[in-house]
Amino acid sequence: MQCYFFGDAKPLYCKGGFVSNSKDDELLIEWNQINKDNAEQGFVSAAFQSMTETSSLIGKFSTQLLAGTGATGALFITQVNSILPFLSSQGFKVCLVILVISAIFGFIAKYHSLNCEIQNNMQSKLRMLIKPVLEKHEKDEADIQEYAIQEGIELETDINLFKIMTEFVKPFPFWVKWLVVRRAVKTPVDRQAGFHVAVKSYVSQTHWTFLQTCAFIAFMLSATWYANAI
């Protein structure tokens, strides 16, 4: 970067960037950094949300498979006398146990699916509700700061997140307060903490759905094996 001087003064400007003596430089640099951080975090949030949106599709598949598992289990139990001659006692027990395991995997996958969906809905609703609040706060803050500068008063206008969390947890039981405080301490400045919970639930959902599917396939293979053995 090549700078140009006027006498013994500080550089007036430089090729590739301006050099200013104003105290507003630091504020401008900070503003620019905040703007970049907001954009980068926005892209990350969008990526997280777009990925977890497919949770509902996986959930539908898991639910249908779980319904099929339940129907098959009910058929096995109600028609036990008709099925035993074809599978034998051992084959019937093995198939039924594998079917129960598949159902358990399905219930666990459904739990993670609900957790992921709840987190996504909460994040979307929170952003929608908090946006007008922040916009009003920023507008009022600018007006207040302008008047404070004219009066020579220095004001602290930052939002107190600790006070917000304290007010938020008041109506909840003690164990919910403990969980909220624990999460706040664990991720004090993580803007993606809510999406991290959703993504972890999404990954767990896919794992358990895969195991659920494998268990159901194992059930069908076991039934075929014992049927062929007769």
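1. Start with helix α3, which covers residues 80–151. (Helices here are DSSP runs of H or I with at least four residues, numbered from the N terminus.) A straight helix of 72 residues would span 106 Å at 1.5 Å a residue, but α3 spans only 88 Å between its end C-alpha atoms. The expected span is 1.5 Å times one less than the number of residues. Look at Ser88, where α3 bends by about 105°; that bend is the angle between axes fitted to the seven residues ending there and the seven starting there. Just after α3, you'll find Gly152 with a positive phi of about 75°.

2. Before going further, a word on the source. This is a predicted model, in which local features need pLDDT of at least 70 and side-chain atom pairs count only at pLDDT 80 or more, while totals for chains, interfaces and linings use all residues. Residues are numbered from 1 along each chain as its sequence is written, and side-chain values use heavy atoms, with hydrogens and water left out.

3. How confident is the predictor? pLDDT is its confidence in each residue, from 0 to 100. The chain has a mean pLDDT of 77, with 79% of its residues at 70 or more. Residues 1–21 have pLDDT below 50, and beyond near neighbours in sequence this stretch has 24 contacts in the model (heavy atoms within 4.5 Å).

4. Back in α3, have a look at Leu134. Ile159 is 25 residues from Leu134 along the chain, and their C-alpha atoms are separated by 10.0 Å.

5. Now the aromatics. The whole structure holds four aromatic pairs, meaning rings of Phe, Tyr and Trp (its six-membered ring) with centres within 6.5 Å; planes under 30 degrees apart count as stacked, over 60 as edge-to-face and the rest as tilted. Phe216 and Phe219 make a tilted pair, 5.7 Å centre to centre with 45° between the planes. Both sit in helix α6 (residues 193–229), three residues apart, about one turn of the helix. Phe216 is buried at 15% relative accessibility, and so is Phe219 at 6%. Together with Phe76 and Phe92, they form one aromatic cluster.

6. Finally, the cysteines. Counting pairs of cysteine sulfur atoms within 2.5 Å as disulfides, the total is zero. Cys95 is buried, with a relative accessible area of 0%, whereas Cys214 is partly exposed at 34%.

Methods:
pLDDT = per-residue confidence, 0-100. Helix = DSSP H or I, 4+ residues; strand = E, 2+ residues; numbered from the N terminus. Buried < 20%, exposed > 50% of the residue type's maximum accessible area, 1.4 Å probe, protein only.
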